[in-house]
Amino acid sequence: MRERVICVFILFNINTLTVCSQRKITEDDIKLYREKVVSMFHHAYDGYIKYAYPYDELRPLTCDGHDTWGSYSLTLIDALDTLAIMGNYTEFRRVAELVIDKMNFDLDINASVFETNIRILGGLLSAHLFTKRAGMEVEPGWPCTGPLLRLAEDVARRLLPAFDTPTGMPYGTVNLRHGVPKGETTVTCTAGVGTFLIEFGTLSRLIGDPVFEKVAVRALRALWNAKSSLDLVGNHIDVATGKWTALDSGIGGGIDSYFEYLVKGAIMFDIPELLEHFRVYEKAIVKHVKREDWYMWAHMSKGGITLPMFTSLDAYWPGIQSLLGDVDSAMKTIHNFHQVWRQFGFLPEYYNIPKSEAHTGREGYPLRPELIESAVYLYQATKDPFLLEIGIDMLEAIEHSTKTKCGYATVKNVNTHQLDNRMESFFLAETTKYLYLLFDPDNFIHNNGSRGTVIQTPNGECVIDAGGYFFTSEAHPIDAASVYCCSTQKKQDDAVLQKMHDNLNLLSLFNIEDEETRFRGQKLKSFTQDLHGDKLGELNYELPSDGLSSENGFQNSVIEILSNYLKTSDNADNTLLKLGASLELLKSQISTLESTKSKDTENFMSDVEVEVDLRKTTNGENVEGSVGSKDSMKSEPVSNTEQQKGDRQFKPEPPIPTSNVVPDKAEAPPSGPKEEIVKGLGGGTDLSTDGDSLEKDKTVEHHESITNDSKRIQSESENRNMQQAEAPKTVVLSVKTDSTGQASVQTSDNVQSNAKHVHHINNFKTVKKNNLFNLKSLYNILGTGQQKETVPNPNIYHLYQTINHYPLQYLQKPELMVCKAQPFHMRLSVRGEMFTNKDTE
């Protein structure tokens with residue numbers, strides 16, 4: 001049971017006495033309010049479909065439609081995922097098919113870049129990720145492909161020309177066919193610059209084209225570089241010069257979603273850099289903007305209060321605070337905002353805090369969702385019944401005062417409750433959605449990770465629908481697991497997990513490994529693969545536990561493992577010939593290793609690493625084996641016939657030919673040798689041979705020759721000068737923190753240990769076709785309107801040339817990392833355990 005507090009306000013002269021009584025809110029009450037929200041949504045939705053479609057919005061007083069932001073059936077797309085959240089999958093499928101069949105964005109209209117992104121692009125991406133849940137037939141590559149995703153890509157590419165500016169900050173308006181309109185103003189609001197990462201980053205990782213994420217992050221970094229000396233930002237900026245044109249700084253309208261996307265983008269895409277930006281802003285806001293539990297407006301360079309106003313868009317802030325664990329402060333702030341609602345029945349756009357009145361000229365309430373949005377976040381964190389009260393007050397006020405025969409109308413004046421003839425699309429996309437989620441505790445959006453859906457994709461097995469949804473600024477939920485499923489990062493993580501599995505040694509984990517067991521359990525994949533190609537390597541047999549315990553144990557064990565294969569192989573004789581010679585070599589080198597180790601085990605084990613290398617040159621000649629330290633092996637120059645190593649990563653070679661006939665040029669193997677490392681044997685051995693040149697009656701002589709050569713090379717390598725290999729270098733950035741906590745960025749060559757902590761945006765899967773010019777209509781963007789097949793539009797080509805060289809590396813900070821497997825509310829840590837505030841470091 002939950003208690004509902006009913007407060008009666010009694011006026012005595014200028015004093016207000018609040019008399020409160022209590023009654024319990026039962027589960028039946030919550031169900032009743034949920035049903036009321038569904039009824040509210042469908043009344044407004046049906047009114048739009050009946051009277052306004054295909055226009056952007058419904059005019060609820062005259063029951064007709066009009067275009068507002070772009071003439072692309074805005075409300076229909078904006079409301080699509082709300083149908084899925086409310087469980088109306090039949091209507092979702094119908095509308096999704098309608099959008100797929102009818103929607104065309106090749107329009108000669110000027111559209112808001114900001115609004116098109118959050119409403120259209122966000123709506124299409126969210127709907128695309130809900131298609132499987134809604135029972136629609138999906139393509140084999142879903143969620144990395146699909147018709148709604150292709151529509152989203154089309155829209156996003158039409159927005160890209162806006163980002164081709166000297167600063168990287170986008171224009172506010174773009175023509176969907178021709179690009180930025182001639183004479184377009186270069187001034188736009190801060191939120192219009194910093195509210196793209198969730199949508200653009202999602203699209204980049206779903207389709208494998210990094211350009212969208214790059215331009216979004218570039219814009220965020222441009223804003224960061226433009227902040228004042230007080231670490232504040234204004235609310236309007238010139239995108240051509242980076243100069244501020246409006247110097248008022250706060251958390252509300254014109255800035256709001258910039259701060260929101262810093263937090264959500266940092267968590268969703270593992271970019272701690274952005275969370276650090278937010279923490280700096282937050283500290284400055286508390287110092288210069290916050291007064292008690294209110295947030296006002298201050299001069300961004302001087303710090304003094306300029307407007308003692310609360311704006312209705314400020315109401316998102318408690319929700320962001322709850323995501324970062326500052327629940328107590330968030331609850332105090334939302335109490336203040338709720339009192340404004342109770343005073344008028346709605347939130348005015350501007351509220352004068354000292355005067356306790358709606359600001360003249362800004363008394364309207366356009367059915368905004370921010371207050372209920374924060375209530376939903378905080379309720380998931382606290383389960384405080386007071387937050388249900390906020391939802392009940394909003395639901396009853398909207399139903400009582402704004403309902404018309406075909407929808408719900410904007411409140412023109414909160415003092416008189418006079419209505420205006422407009423119902424913005426966010427009423428169906430956000431306000432009703434958040435109200436429904438507040439009163440639907442079992443909705444799949446609230447999944448805590450206890451259930452999910454396993455799917456098979458080209459990227460392997462994925463678990464989706466397990467929670468962890470990120471809401472865009474327009475309340476379009478994005479399943480982070482689906483986005484991760486399509487990303488290259490998943491492939492890299494899978495490879496790391498597989499390598500860990502392959503090298504798992506339980507004895508070592510429990511610290512009971514000794515010298516006798518060090519060699520046991522090593523897989524023969526690289527050894528067998530070189531003998532007869534990938535087919536034999538796939539057998540991946542392991543040595544028995546006593547494989548090296550006797551003089552002949554190693555050789556006998558390997559022969560026993562491979563005997564069944566050799567009996568059935570068409571080339572058994574030839575393979576056995578190579579096998580016998582190679583086993584003799586391996587046995588001899590291990591014997592040398594054992595004798596060397598007994599002399600100085602401790603130093604040897606710390607300085608030397610085994611490298612078993614079965615090589616073959618293009619001309620069939622043998623390559624001498626070598627034994628040396630790790631450093632000498634890494635710095636030793638390689639021959640021109642060898643494939644360059646580069647951080648000890650090797651590419652596989654086709655199987656060794658089984659005859660002495662030189663293959664045709666078209667069938668010749670690559671010039672580089674087959675190279676692979678077998679780690680964990682404890683010594684430093686490099687075996688090299690050419691299986692094709694071995695003769696059966698000279699096996700022993702050949703073995704002795706290579707053994708002697710190995711000893712000679714070992715002696716020479718100890719005195720060899722250190723030289724850099726000719727392989728291309730990989731330069732990565734690494735972060736080092738000193739004893740005072742100061743971090744410094746350094747560059748290093750071939751630093752594999754640091755590279756694993758650096759996310760390269762260029763590591764996206766290869767795009768099979770040039771997505772930029774795959775549609776003729778896209779050639780009309782930003783230019784002459786001519787459709788050209790071979791010459792790209794010069795303006796959009798310039799953007800791609802610029803952004804292609806934009807360095808985008810996400811340097812990780814360990815204490816800011818989060819676990820992707822955790823559900824949303826745990827990942828975001830409602831108590832803040834996941835994150836480290838700079839003030840407490």
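This tour visits selected residues of a predicted model, one selection at a time.

Begin by selecting Tyr436, which is found in helix H16, residues 426–438. Its relative accessible area is 8%, so Tyr436 counts as buried. Display the residues around Tyr436: leaving out those up to four places away in sequence, it touches Arg34, Val37, Val38, Ile85, Met86 and Asn443.

Move on to His446, in the loop between H16 and strand S20 (453–457). His446 is buried, with a relative accessibility of 15%. Apart from neighbours within four places in sequence, His446 is in contact with Gln380, Leu437, Asp440 and Pro441.

The next stops concern charged side chains. Side chains of opposite charge can pair when their charged atoms come close. The model has 23 salt bridges.

Select Arg94 and Glu91, whose side chains form a salt bridge at 2.7 Å, N to O. Both residues belong to helix H4 (residues 89–102) and lie 3 residues apart, about one turn of the helix. Is Glu91 buried or exposed? Glu91 is buried at 16%, whereas Arg94 is partly exposed at 43%.

Now select Arg158 and Asp154 in helix H6 (residues 147–159), 4 residues apart. Their salt bridge spans 3.0 Å, N to O. Arg158 is buried, with a relative accessible area of 1%, and Asp154 is buried as well, with 12%.

Finally, select Glu57, Glu115, Arg119, Arg422, Glu424 and Glu474 together; a network of salt bridges links these residues.

Terms used
Residues numbered from 1 in each chain as written. Predicted model: local features only at pLDDT ≥ 70, side-chain atom pairs only at ≥ 80, totals over all residues. Heavy atoms only, no water. Helix = DSSP H or I, 4+ residues; strand = E, 2+ residues; numbered from the N terminus. Buried < 20%, exposed > 50% of the residue type's maximum accessible area, 1.4 Å probe, protein only. Contact = heavy atoms within 4.5 Å. Salt bridge = Lys/Arg side-chain N within 4 Å of Asp/Glu carboxyl O.
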